[in-house]
Amino acid sequence: MTIQEISEQIVEEFSMFDEWLDKYEYLIETGKQMPAIAEEAKTPDNLIEGCQSRVWLDCRQEDGLLHFTADSDAVITKGIISLLIRVFDGQKPADIVAADLSFLDRIGLKDNLSPTRANGLVAMITKIKAYALAFLQKEENEQ
Amino acid sequence: MDKLVVDFRNRFPALSQQVYGKPLVYFDNAATSQRPDCVIELQERMTAYTCANVHRAVHRLALDATELYQQGREAAAAFIGAPSAGQVIFTSGTTAAINLVASCFTRRFLRKGDRILITEAEHHSNLVPWQFACELYGTELLVAPVTEDGSLDMDAFRKLLERDVKLVAVAHVTNVLGVVNPLHEIIAAAHQAGARVLVDGAQGIVHSRVDVGSLDCDFYAFSGHKIFAPTGIGILYGKRELLEEMPPYMGGGDMVDRVTFEKTTYGPLPLKFEAGTQNIAAAACLAPALKLAAEVQDSATLQDNLETTDRLLADQLSTIEGLHCPSLANPRRKGIFSFCIDGVHPTDAAEIMDKMGVAVRTGFMCAEPLIRKYSEHGMMRASLMPYNTPDEVDIFMEALRRAVKMLR
């Protein structure tokens, strides 16, 4: 599925919940189910600055596609990053760099996050796009 | 619930609002208190009709503003038992008041190698200004430890005092664990060792009657916004002989006596320390805010309500499995609970509780060295005022239990 298609799917899932507590419940469940990052990938380089809780994000490339794993000490943060990973995992670097992330506004996530967590969300997206850009430049250099 | 408690609560419009469609339960009073009708009314009236600068012009508005401003100062002096209003300096808050002392007292009275003694439980505002002072003047910072339940280790404190300490800076009530420090004992010991004492009263001013005369502290600092007044106004009380000797803090208008390009002489206390236009309306609001605060402190009904609410919360918190609140059973704890819960990140829990209408504080609460002793993720803090009620504790506990259940 494309980034756009997965985003639409997430918007649809969130639209089933009226109450914010239920949306949190959903975020927490997805956070808990997220596959664990390898312990050796919890390096200072993979640590995202700007989050109130600690977040590690690792990125590998396989056959031209990017794969992400992550972890956080806060479960809601894990839920948020697992949404981002669901959207970006297995995508091409060029598509990730160009991705439109307005789905985050449409599920109301940005509006309802505390400012420190909203900053954290921006920091996560910045990190994902930075990884994608680095791989994209590497591809272009190799061609 | 007692009608007096209900009537008192009703004086705070913020407390009867709903958030996310749920009644607000405001348990973040140690960060800032809500404002009563009398303070809101005066601040609005001054903003609308008495907007003029103080001490300068002879017109009606300026005279009225000056009068109200001075009433704020006199109310603050009376509230803490200061011998004169001249010893009550307006600052923007406790932080600015401590920075003033860290800058001006240190510059005048401390020499390289002198020691400043603080405690492990200080707010960053009573820690970082002293680090600045040490960097600038070559003084050294000593830190007295607290015991497991958050009490100051008095034996260790006395031992450290012997090491050429010239200034002790200590909280009246600590902001994380809510423990009342034994000020009389601390101040007497410090004076005997030849040290001056600054008391950070940001939390202490709320729950106990302060009398700077009988305390014999050299400085006492507090903020208006923790005790019903607006943000942006604070008080520094100081002993006259020290304030007279200390150099001014900032240069500017209103703090001068005579100015020439060659030399400037400074105004009398408190103006010497009050360069520039102050937060006039907020200063004036200290009068109604502190009048109400005195009534609250004298009201047996409201104090009983606070005690009942505090006890209920203490009992309820102890029923949560894996909850650690270091000062829970400390008899010196007053109105503040900081705790961590096994397997639950405090920020996650607070965010869920917020959606249920409950306001608490989480993180490192401007006391990172202390909190790191207990948890690498920070803690959650619930802090009470006499307007909080046992019914609110029930809502708080329901929200906390739900958050723990969701997160574990």
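1. At what angle do helix H2 and helix H11 of chain B pack, and how far apart are their axes? This is a predicted model, and in it the angle is about 160° and the axes are 9 Å apart. H2(B) covers residues 37-49, and H11(B) covers residues 280-298. Angles over 145 degrees count as roughly antiparallel, so that is the term for H2(B) and H11(B). Their crossing is right-handed.

2. Look next at the residues in that contact. H2(B) brings B:Cys38, B:Val39, B:Leu42, B:Gln43, B:Met46 and B:Thr47. H11(B) answers with B:Ala281, B:Ala284, B:Cys285, B:Pro288, B:Ala289 and B:Leu292. By class, ten of the residues in the contact of H2(B) with H11(B) are nonpolar and two are polar. No charged residue takes part.

3. Helix H3 (residues 75-88) and helix H7 (residues 115-142) of chain A pack at about 30°, and 11 Å lies between their axes. Angles under 35 degrees count as roughly parallel, and H3(A) and H7(A) are therefore described that way. H3(A) passes H7(A) in a right-handed crossing.

4. Which residues of H3(A) meet H7(A)? They are A:Thr77, A:Ile80, A:Ile81, A:Leu84 and A:Phe88. On the H7(A) side stand A:Gly120, A:Leu121, A:Met124, A:Ile125 and A:Ile128. Eight residues of this contact are nonpolar, two are polar and none is charged.

5. Now the contact between the chains. Twelve residues of chain A are in contact with eleven residues of chain B. On the chain A side, helix H2 (20-33) and H3 are the elements that give two or more residues. H2(A) supplies the largest share, five residues. By class, the chain A side holds seven nonpolar, three polar and two charged residues.

6. Chain B has two assigned domains. Domain 1 takes in 3-28 + 300-407, and domain 2 takes in 50-294. Their centres, taken over C-alpha atoms, are separated by 29 Å. Contact between them involves 18 residues of domain 1 and 18 residues of domain 2. Strand E14 (336-341) and helix H14 (368-374) of chain B each supply at least two residues of the domain 1 side. That side has ten nonpolar, four polar and four charged residues.

7. Helix H13 of chain B, residues 346-355, is mostly covered. Nine of its ten residues are buried. Just after H13(B), B:Gly357 takes a positive phi of about 90°.

8. Some backbone values deserve a check. Most residues other than glycine have a negative phi, and most peptide bonds are trans. In chain B, a cis peptide bond joins B:Leu269 and B:Pro270, with omega about 0°. B:Pro270 lies in the loop between strand E12 (264-266) and H11 of chain B.

9. A:Asp63 has a positive phi, near 50°. A:Asp63 sits in the loop between E1 and strand E2 (65-72) of chain A. B:Phe228 has a positive phi of about 80°. The loop of B:Phe228 runs between strand E9 (219-223) and strand E10 (234-238) of chain B.

10. Is A:Asp63 buried or exposed? A:Asp63 counts as exposed, because it has 6 C-beta neighbours inside 10 Å. B:Phe228 has 26 such neighbours inside 10 Å and therefore counts as buried.

11. Last, A:Arg54. Its place is the loop between H2 and strand E1 (55-62) of chain A. A:Arg54 has 17 C-beta neighbours inside 10 Å, so it counts as partly exposed. Beyond its neighbours within four places in sequence, A:Arg54 is in contact with A:Leu47, A:Ser72 and A:Asp73. A:Asp71 is 17 residues from A:Arg54 in sequence, and their C-alpha atoms are 8.3 Å apart in space.

Key
Residues are numbered from 1 along each chain as its sequence is written. Chains are lettered from A and ligands numbered from 1 in the order in which they are written. This is a predicted model: local features need pLDDT of at least 70, side-chain atom pairs count only at pLDDT 80 or more; totals for chains, interfaces and linings use all residues. Axes are lines fitted to C-alpha atoms, for helices over the stretch in contact, and angles run from 0 to 180 degrees between N-to-C directions. Helices (H or I, at least four residues) and strands (E, at least two) are DSSP runs, numbered from the N terminus. Angles under 35 degrees count as roughly parallel, over 145 as roughly antiparallel, 65 to 115 as roughly perpendicular and the rest as oblique. A crossing is left-handed if the near helix is turned anticlockwise from the far one by less than a right angle, and right-handed if clockwise. Two residues are in contact if their C-beta atoms, placed from the backbone, lie within 7 Å. Ala, Val, Leu, Ile, Met, Phe, Trp, Tyr, Cys and Pro count as nonpolar, Asp, Glu, Lys and Arg as charged, and the others, Gly among them, as polar. Domain bounds come from an automatic or database domain assignment. A residue is buried if 20 or more other C-beta atoms lie within 10 Å of its own, exposed if 12 or fewer, and partly exposed in between; C-beta atoms are placed from the backbone.
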